[in-house]
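Open the model in your viewer and keep the selection tool at hand. This tour goes one stop at a time.

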Amino acid sequence: MSLLFLDYFVSQTCESAVQLRKAGKVTVRESTLKKLGGVHYKSGVVDEHYEVTKFALLETIKEAVPEMWSPEMKIAWGEAYDQLVAAIKSESKPSS
């Protein structure tokens, strides 16, 4: 996975966390989802990859801000990530 892609994915997860906190749901533009879904499909991303990435993301945040880390923060970041992944997976199919 390229660093540019990882950076983009982390920024999208951050945006998802902000939206989840403000509105209680995550909204991603359909064009963005189609692009992300297509890239994930073409790259052969499977469920296990999402789980490894989620673990790495949560551990990175925990190490970056240990004084702020809490069970609630872990749940919130995990939920934001899960919602973003669900949206990406819904568009992760061959383009027609």
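What follows is a list of selections, with what each one shows.

**Before you start.** This is a predicted model, in which local features need pLDDT of at least 70, side-chain atom pairs count only at pLDDT 80 or more, and totals for chains, interfaces and linings use all residues. Residues are numbered from 1 along each chain as its sequence is written, and side-chain values use heavy atoms, with hydrogens and water left out.

**Stop 1: the whole chain.** Show the protein as a cartoon. It has four helices and zero strands. From the N terminus on, the order is α-α-α-α. Helices here are DSSP runs (H or I, at least four residues), as strands are (E, at least two), numbered from the N terminus. Of the 96 residues, 34% count as buried. Buried means under 20% relative accessible area, exposed over 50%, and partly exposed in between (1.4 Å probe, protein chains only). Among contacts between residues at least 6 apart in sequence, 76% join residues at least 24 apart. A contact means heavy atoms within 4.5 Å.

**Stop 2: helix 3.** Select residues 47–64, which form helix 3. Its 18 residues reach 26 Å from first C-alpha to last, close to the 26 Å expected at 1.5 Å a residue. The expected span is 1.5 Å times one less than the number of residues.

Now colour its buried residues: Tyr-50, Thr-53, Lys-54, Leu-57, Leu-58 and Ile-61. Look down the axis of helix 3. These residues fall within an arc of 130°, so they line one face of the helix. The arc is that of the directions from the helix axis to the C-beta atoms. Turn to the face away from the buried side. There you find the exposed residues Glu-48, Glu-51, Val-52, Phe-55, Thr-60 and Glu-63.

Zoom in on Thr-53, at 17% relative accessibility. Its side chain reaches the backbone oxygen of His-49 at 2.8 Å.

**Stop 3: the core.** Select Leu-36, Tyr-50, Leu-57, Leu-58, Ile-61, Trp-69, Met-73, Trp-77, Tyr-81, Leu-84, Val-85 and Ile-88. These 12 residues make up the largest nonpolar core. Such a core is a set of buried Ala, Val, Leu, Ile, Met, Phe, Trp, Tyr and Cys residues joined through side-chain atoms within 4.5 Å. Helix 3 and helix 4 (71–90) each supply at least two of its residues. The largest share, six residues, comes from helix 4.

Pick Leu-57. Leaving aside neighbours within four places in sequence, Leu-57 is in contact with Val-10, Thr-13 and Tyr-81.

**Stop 4: the salt bridges.** How many salt bridges does the whole structure hold? A search finds two. A salt bridge is a side-chain nitrogen of Lys or Arg within 4 Å of a carboxyl oxygen of Asp or Glu.

Select Lys-89 and Asp-47. Their side chains meet at 2.7 Å, N to O. Lys-89 sits in helix 4 and Asp-47 in helix 3, 42 residues apart. Lys-89 is partly exposed at 36%, and Asp-47 is partly exposed at 46%.

Next, select Lys-54 and Asp-82. Their closest N and O atoms are 2.9 Å apart. Lys-54 lies in helix 3 and Asp-82 in helix 4, so the pair ties together parts 28 residues apart in sequence. Lys-54 is buried at 17%, while Asp-82 is partly exposed at 32%.

**Stop 5: Lys-35.** Finish in helix 2 (residues 30–43), where Lys-35 is found. Lys-35 is exposed, at 61% relative accessibility.

Notes
Polar contact = N/O pair within 3.5 Å; in protein donor to acceptor, adjacent residues only side chain to side chain.
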